[in-house]
Amino acid sequence: MHNALLIAELSLREAVRKRLVVVLLLLTAAFLGFYLYGVFRLEGTLDQRAREAGLDGRSVNGAANLSVMYAAMFGMYLVYFLGVLMAVLSTVGAVSGDVESGVMQSVIARPISRAQLVLGRWLGFTAVNVVYVALVGAALLGGIFLITGFVPPAPLPALALILLAITLVTALTVLGSTLFTTLANGIGVFVLYGAGFAGGILGSIGTFAASPTLTTLGKVANTLMPTNALWLGASYHLQPDVLRQMGEMTRGANPFFGGAPLASGMIVWAAVYALLAVLVAMWQFSRRDL
Amino acid sequence: MLEGVAAIETRELRKVYRSRAVVDGLTLTVGEGEVFGFLGPNGAGKSTTVKMLLGLVHPSGGEVRVLGGSPADPAVRARLGFLPEQFRFQTWMTGEEFLRFHGRLAGLSAAELRVRAPQVLGTVGLGGRGGEALSGYSKGMLQRVGLAGAILARPRLVFLDEPTSALDPIGRVEVREIIERLRGEGVTVFLNSHLLSEVEQVCDRVAFVKSGRVLRQGSMRELMGGVLPVDLRVDHLSPALLAALAQVGEVRHTDLNTPGRAGAELWLEREDSLPALADAVHAHGARLYALTPRRPDLETLFLELIEGSPEPAPVGEPVRGAARA
């Protein structure tokens with residue numbers, strides 16, 4: 001474990017030193033600033049309309065505040081999406097990059113097992129990716145609260161599900177990195193992510209149209225890649241009652257928002273899946289020639 | 001089982017990639033404390049062999065023992081040093097950070113590393129440059145810092161794969177001195193090099209490999225005892241003279257291109273045969289311009305062995321048998 005932590009620390013320092021962290025923070029600050037400025041202008045418009053209508057104020061959790069709620073929801077969807085993107089891009093060459101450049105040879109000749117190396121890479125990149133997404137998510141919700149006073153009903157469980165999705169994507173990317181070249185891995189993980197998203201859409205349409213086949217297809221895709229299901233579960237926690245009721249009325253026609261809490265089986269599966277991916281990566285890398 | 005005290009022992013070591021045997025029954029012994037030269041033409045399987053000795057590549061068959069254990073065992077690898085042929089390292093690190101990272105992987109304590117890292121940097125001629133990022137290092141400096149990493153954790157066995165390929169003549173001499181110092185400390189050095197003169201100067205024993213097999217291995221003296229190359233220059237090389245020379249030694253090469261001069265290279269078995277060459281020249285009425293015995297060198301031996309041995313027949317056995325032979 002000592003060696004795995006050493007490699008994890010190396011991965012963290014690498015992320016800092018290669019300016020990955022600085023670039024990310026700057027771009028993220030730009031994204032947050034841009035988005036929150038939009039929310040700020042929205043809030044101003046809503047307040048002004050309320051005054052013009054002779055109202056005393058607006059209820060934070062009422063239908064009059066729907067646009068703020070949507071802003072929070074889609075903002076968090078962007079955090080989730082950017083988080084996945086970042087997790088894949090930062091981790092895509094975690095193992096394959098060092099194999100391709102030849103750096104791996106001198107490292108593996110040291111008394112470290114390859115399983116430890118893979119585990120350390122996953123731990124390091126998971127730490128970077130999870131902390132990043134947690135910070136951005138907290139910053140977005142915090143910013144919206146400061147501007148509008150709106151807080152989603154259960155922000156912590158929602159964030160936890162998003163972070164689980166990030167952990168899973170990081171694990172699958174590390175696995176791909178022990179199997180394929182860096183480029184092939186990047187393409188592969190995004191295709192898998194796309195499959196999860198497609199599954200969500202199919203499931204949503206299946207529910208809307210009451211088509212059992214589509215619902216089954218959606219379930220298959222969700223099992224294969226549970227990230228989208230995790231997002232839908234997170235989105236359920238972010239919706240106040242008024243939004244949930246709207247979802248029920250439209251029979252889940254919005255594929256971005258979940259209409260029900262996530263089944264605990266799916267949460268367990270996502271965690272087990274991530275663990276399995278790392279174990280297979282450790283095993284696979286140990287039996288390969290360098 | 002392999003027996004005896006040796007730094008490296010392999011028996012019938014094989015590596016098959018897609019039914020092609022890159023290493024094909026390689027049997028090798030390197031004694032403790034030796035500087036061992038591993039020679040062969042490109043594609044002979046030298047690098048693959050080194051990778052199997054380090055546990056980077058899994059053998060398809062045969063036995064490997066390194067420092068009495070398996071290279072798959074981290075405890076064995078803790079006592080190895082390795083400078084890869086392609087010395088590619090994390091370029092975002094500084095030289096010091098690179099050594100500290102490798103030192104910690106090798107199990108050195110932080111206190112030890114504070115002393116040891118500047119020490120080995122000095123040894124490879126990079127004293128005072130440890131604070132610079134590797135991305136700013138020249139090729140030669142990278143190879144030097146790689147060498148520093150190889151000797152950092154006081155290994156018992158060091159693999160150097162083409163350790164001077166990026167170095168200038170001064171750097172080459174310095175590397176030779178480092179190897180000699182390692183020998184003085186009783187460290188075994190496994191040197192993979194194309195520079196035959198370099199191998200000749202530092203190695204106690206060498207092995208020649210071709211097509212994944214050891215053609216010959218032994219001490220320099222054993223190997224060199226074989227032939228004495230002689231350069232002969234006369235005014236005219238008649239067929240009769242050539243035949244007479246061929247009775248004294250083996251005529252390897254003749255040069256009849258220069259008008260009024262003719263040259264021949266002969267390999268003699270014994271130094272005693274030298275005067276017989278002069279006698280033959282005089283007996284055939286030719287005029288002698290030069291009769292130069294050369295110190296036997298590795299190049300001669302290399303050419304004799306590598307050019308002289310026929311290509312082994314391609315692996316004829318079915319793929320299935322070869323994969324896990």
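In chain B, four strands form an open sheet of antiparallel pairing, in the order S11-S12-S10-S13. Strands are DSSP runs (E, at least two residues) and helices likewise (H or I, at least four), both numbered from the N terminus. Two strands count as paired if DSSP finds at least two bridges between them. The model is predicted, so local features need pLDDT of at least 70 and side-chain atom pairs count only at pLDDT 80 or more, while totals for chains, interfaces and linings use all residues. Residues are numbered from 1 along each chain as its sequence is written, chains are lettered from A and ligands numbered from 1 in the order in which they are written, and side-chain values use heavy atoms, with hydrogens and water left out.

Axes are lines fitted to C-alpha atoms, for helices over the stretch in contact, and angles run from 0 to 180 degrees between N-to-C directions. Strand S10 (residues 228-234) and strand S12 (residues 262-268) of chain B run antiparallel and are joined by 7 bridges. Here Leu232(B) stands opposite Ala264(B) of S12(B). Helix H9 (residues 239-248) of chain B packs on this sheet. H9(B) touches S10, S11 and S12 of chain B, and its direction makes about 145° with that of S11(B). Contact means heavy atoms within 4.5 Å. Helix H10 (residues 274-283) of chain B lies across S10, S12 and S13 of chain B, at about 165° to S13(B).

Another open sheet of chain B has 6 strands in the order S5-S6-S7-S3-S8-S9, with mixed pairing. S5 and strand S9 (213-219) of chain B stand at its edges with a single partner strand each, so one side of each has no neighbour in the sheet. Neighbouring strands are turned by 15° against each other on average, direction ignored. Strand S8 (residues 205-210) of chain B runs antiparallel to S9(B), with 6 bridges between them. Val209(B) stands opposite Val214(B) in S9(B). Helix H1 (residues 46-53) of chain B lies across S3, S5, S6, S7 and S8 of chain B, running at about 150° to S7(B). H5(B) lies across S5 and S6 of chain B, at about 170° to S5(B).

The contact between the chains takes 27 residues from chain B and 28 residues from chain A. Together they bury about 2,700 Å², 55% of it on carbon and sulfur atoms. Buried area is the accessible area (1.4 Å probe) that two parts lose on being put together, summed over both. In chain B, Leu56(B), Trp92(B) and Leu105(B) lose the most area to chain A, together 29% of what that side buries.

A salt bridge is a side-chain nitrogen of Lys or Arg within 4 Å of a carboxyl oxygen of Asp or Glu. Glu9(A) and Arg104(B) form one such bridge (3.2 Å, N to O). Glu9(A) lies in helix H1 (residues 2-17) of chain A and Arg104(B) in helix H3 of chain B, so the pair joins two chains. Asp289(A) forms a salt bridge with Lys15(B), with the closest N and O atoms 2.6 Å apart.
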